[in-house]
Amino acid sequence: MDSDQAVQDSFAGAADPRLREIMQAVTRHLHALVREVRLTQAEWEQTIGFLTGVGQMCDATRQEFVLLSDVLGVSMLVETLNSHGHGTEATVLGPFHMTTSPPRELGASIDELGVGTPCVVVGTVTGPEGEELAGASVDVWQCSADGFYDVQQPDRQPPGNGRGLFDTDAQGAFWFRTVVPSHYPIPTDGPVGAMLAATGRYPYRPAHIHFIVSAPGHESLTTHMFVADSPYIDSDAVFAVKRSLIRPFVVCDDAESARRYGVDMPFRMARFDIRLG
């Protein structure tokens, strides 16, 4: 019996059949990888050091392992394999949903800095047949106009900046004020950034707003709304852009609309309707 098979057989006694299947598959593919590239002892030690560094970079506000999964395309692959093919398309969670979004009233601003182009986001949440879902939870978070999340700049941004937790109204509608988010580089000061640099990959993501939407009796959805005219819209570093999620952020200079929404002119307007499964 070869060593590969012996290691796989060592998991045969696992009480959970799914755990047994996964561990045997991990062993099988990992051994095949080592054989394919003829990994040296020094390279394996370097790999262990890299993964150790990834773990050491994780804390309450940063998840380097999620970042690693994202840039390797694994996060997006898992989302795709688990998609049921109906409703609004899902994308990755990303590494910055590490703090609770503050509850806000509909129409409130999630921007607490006052820097950037004012923006109003409106939408509705519906079920699979288009039925309006009153009281659905809409959790949103985004970076600032300078391309940073609140947890990246605790000395410059108040906790909860760029975040909000809303409930839809009786017609399933939601709306909030914010600023147009910027494209930005994912964190490059850790092992994942070093890996990207070593392999000649850039770290940039197109501008977007994150959403987690849920309602009783429906599947929770994690997704993005992407800014149509953003740089890197065709080359996201974490492979998460889907055409169905790109939205125009239209310039609006109508005084009446500005007064109604409580923003200065000119501002940008975006609509993102969400259908749950």
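**Aromatic pairs and an open sheet**

Good morning. Tyr232 counts as partly exposed, at 28% relative accessibility. Please keep in mind that this is a predicted model.

Let me turn to the aromatic residues. A search of the whole structure finds 10 aromatic pairs. One of them joins Tyr149 and Tyr184 edge-to-face, with 5.5 Å from centre to centre and 90 degrees between the planes. Tyr149 sits in the loop between strand 2 (137-141) and strand 3 (163-167), while Tyr184 belongs to strand 5 (residues 184-185), so this pair ties together parts that are 35 residues apart in sequence. Both Tyr149 and Tyr184 are buried.

I now return to Tyr232 and its partner, Tyr204. Their ring centres are 4.8 Å apart and their planes lie at 5 degrees, so the pair is stacked. Tyr204 is in strand 6 (residues 204-205) and Tyr232 is in the loop between strand 8 (221-227) and strand 9 (246-247); the pair therefore ties together parts that are 28 residues apart in sequence. Tyr204 is partly exposed, and its relative accessible area is 28%.

There is also an aromatic cluster, formed by Phe166, Phe174, Phe176, Phe211 and Phe272.

Five strands make up an open sheet in the order 3-2-7-8-9, and the pairing is mixed. Strand 3 and strand 9 are the edge strands, each pairing on one side only. In general, strands of a sheet pair through backbone hydrogen bonds, either parallel or antiparallel. Here, strand 7 (residues 208-214) pairs with strand 8 in the antiparallel sense over 6 bridges. Which residue in strand 8 is the bridge partner of Val213? That partner is Leu221. Thank you.

Definitions and conventions: Residues are numbered from 1 along each chain as its sequence is written. This is a predicted model: local features need pLDDT of at least 70, side-chain atom pairs count only at pLDDT 80 or more; totals for chains, interfaces and linings use all residues. Side-chain values use heavy atoms; hydrogens and water are left out. Rings of Phe, Tyr and Trp (its six-membered ring) pair if their centres lie within 6.5 Å; planes under 30 degrees apart count as stacked, over 60 as edge-to-face and the rest as tilted. Helices (H or I, at least four residues) and strands (E, at least two) are DSSP runs, numbered from the N terminus. Buried means under 20% relative accessible area, exposed over 50%, partly exposed in between (1.4 Å probe, protein chains only). Two strands pair if DSSP finds at least two bridges between them.
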